[in-house]
Protein chains: 2
Amino acid sequence: MRLATIIDGDGPVAALVRGDAYLPLAHADGRARSLRELAGAGSPELDRLRTWAESQPDEDFRTLATARLGPVVPDPGAVFAIGLNYAAPGGAHATRPERPYVYGKLPASVGGHGDRLRWDRSLSPNVDAEVELGVVIGARAHAVPVEQAMRHVFGYTCVDDISSRDAWLDGDQWLLGKSMPGFCPVGPSLVTADELDPTRLRLGCTVNGVAIQDGSTDQLRFSIAEVVAFLSAHVPLEPGDIIATGTPARLAGPYPPDRHLEPGDVATVWIEGIGELTTHIA
Amino acid sequence: MRLATIIDGDGPVAALVRGDAYLPLAHADGRARSLRELAGAGSPELDRLRTWAESQPDEDFRTLATARLGPVVPDPGAVFAIGLNYAAPGGAHATRPERPYVYGKLPASVGGHGDRLRWDRSLSPNVDAEVELGVVIGARAHAVPVEQAMRHVFGYTCVDDISSRDAWLDGDQWLLGKSMPGFCPVGPSLVTADELDPTRLRLGCTVNGVAIQDGSTDQLRFSIAEVVAFLSAHVPLEPGDIIATGTPARLAGPYPPDRHLEPGDVATVWIEGIGELTTHIA
């Protein structure tokens, strides 16, 4: 099942996506669902919604192209991210860390596909986009073993881990440099875990169509199950929580490492089987 | 006005505290308030609630001693904390940093006065208590200048910034080592900003009655106004958000630096004019 969060007049609402069209999951009993709520609802409720949606006539579906997409989860309780999680042969971080390297982004920094991003450049002139496979938690996970961790994954989405490269924001603590408003685009949609094998997905990032990252999730140092189990040993993971699972190395290419996001840029992160998530730099 | 969050059968509810008694702020119109809601309500609504509460007969107040106190804000949108924010002559961090040093704790880690704290000691055997003056945000603050920052402070409370000292949790990123469940006791109550001058409050921490910290907020390197303005330049601060403003140095004393919290310990953080916040180590 592919799901998205659509912003309409009444605020964000979860929708089923089918091809170029969507159907708000609000009509089964007349009550709108949020994606966070669906993430915690469990399989029977999801199956019921899926059955209901499949029985709806095509004319009830609306055109996705003209819809405003919100962050897939507009109100996550927490956004975790994992650093140094892609193999980087010969680089500064050539070896796998002993444990997943965990940092946080503020939940309020989430953004949607197509958003315009503006920040105070006097605080941080040097800001980059980074593609990450986003894991959205389903059933609550606390101290779950690796073997059971995947049962707690609701689905997968694209995360753009927009990050300041300025020394003080990229130094000891990363919270502010990764959490300015809109610094966490999430979308465009979510594919539920039953429909996607996350272990060898190509993923990348382009700026103005120029590739700056191109990797595969088969380079992940800590697997999704290992990351979920590790986090859950320390803190409970709740439905709708987002884990950005790390970013592949930047390509040597037409854009050198010191080419950061500039006004007018279009940054797109993409993941095979999920989609493309675009941010317009204002 | 002194406020607390009481956990009763219906969940957490904000209450007015008067001496040894409290009155749930639920009766003015029959609808219970949360402290987060009060923080964002603005002065007229607060004045109305205060007037109503003062008109209630003494017999409607209930005994605080037997109440279960929740975290003053049970559901903050964000918990920020400031590192290295007390003058530490001769120590490893003897100079004031160029900017406030910001990290985050997960909002879900908040706890209440009198809570029992248990964590998996195989993950982190070495855990300490730390007193911090907690600032609770009132009106939303985004890019506010220092001169106006104090208008966005709703009130003050005690925060115990419980922290792992184990190398990997106290190393590069502090999120997990400071966010295990219950690692952020907040309370016992809140004093609204109109009733407390935060600039020279004594504060400290005891373990089993032995003082391990004893300082004064006049040692703060970045004032509350500077911290609020700085954070707000990067991210919007919302009503009910908590800022732990830093912790004074640990005393040389009967408990050496490597004496960490042990089962059976009673850790109390205290701040002049606010109160004592106790945590029982299970």
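I first laid chain A on chain B, which took a turn of 180° and a shift of 0.0 Å along the axis and gave an RMSD of 0.0 Å, the copies being superposed by least squares on the C-alpha atoms of residues with pLDDT of at least 70 in both. The two copies are thus related as by a two-fold rotation axis. I also noted that the same surface serves both copies, since 100% of the contact residues of chain A recur in chain B.

Before going on I wrote down that this is a predicted model, in which local features need pLDDT of at least 70 and side-chain atom pairs count only at pLDDT 80 or more, while totals for chains, interfaces and linings use all residues. Residues are numbered from 1 along each chain as its sequence is written, and chains are lettered from A and ligands numbered from 1 in the order in which they are written.

Next I looked up the contact between the chains, where two residues are in contact if their C-beta atoms, placed from the backbone, lie within 7 Å. I found 23 residues from chain A and 23 residues from chain B in it. On the side of chain A, β6 (101-105) and α4 (224-234) each supply at least two residues, and the largest share, 4 residues, comes from β6(A). Helices (H or I, at least four residues) and strands (E, at least two) are DSSP runs, numbered from the N terminus.

Among the buried residues of α4(B) are B:Val227, B:Val228 and B:Leu231, and the buried residues pack against elements of chain B including β5 (79-83), β6 (101-105) and β16 (242-244).

For the largest nonpolar core I noted 160 residues, with A:Ala15, A:Val228, B:Ala15 and B:Val228 having the most contacts inside it.

Last, I looked up the domains of chain A, whose assignment, automatic or from a database, gives domain 1 (2-63) and domain 2 (79-281). Their centres, taken over C-alpha atoms, are separated by 26 Å, and 9 residues of domain 1 are in contact with 12 residues of domain 2.

Key
Buried ≥ 20, exposed ≤ 12 C-beta atoms within 10 Å, placed from the backbone. Core = buried A, V, L, I, M, F, W, Y, C linked by C-beta atoms within 7 Å.
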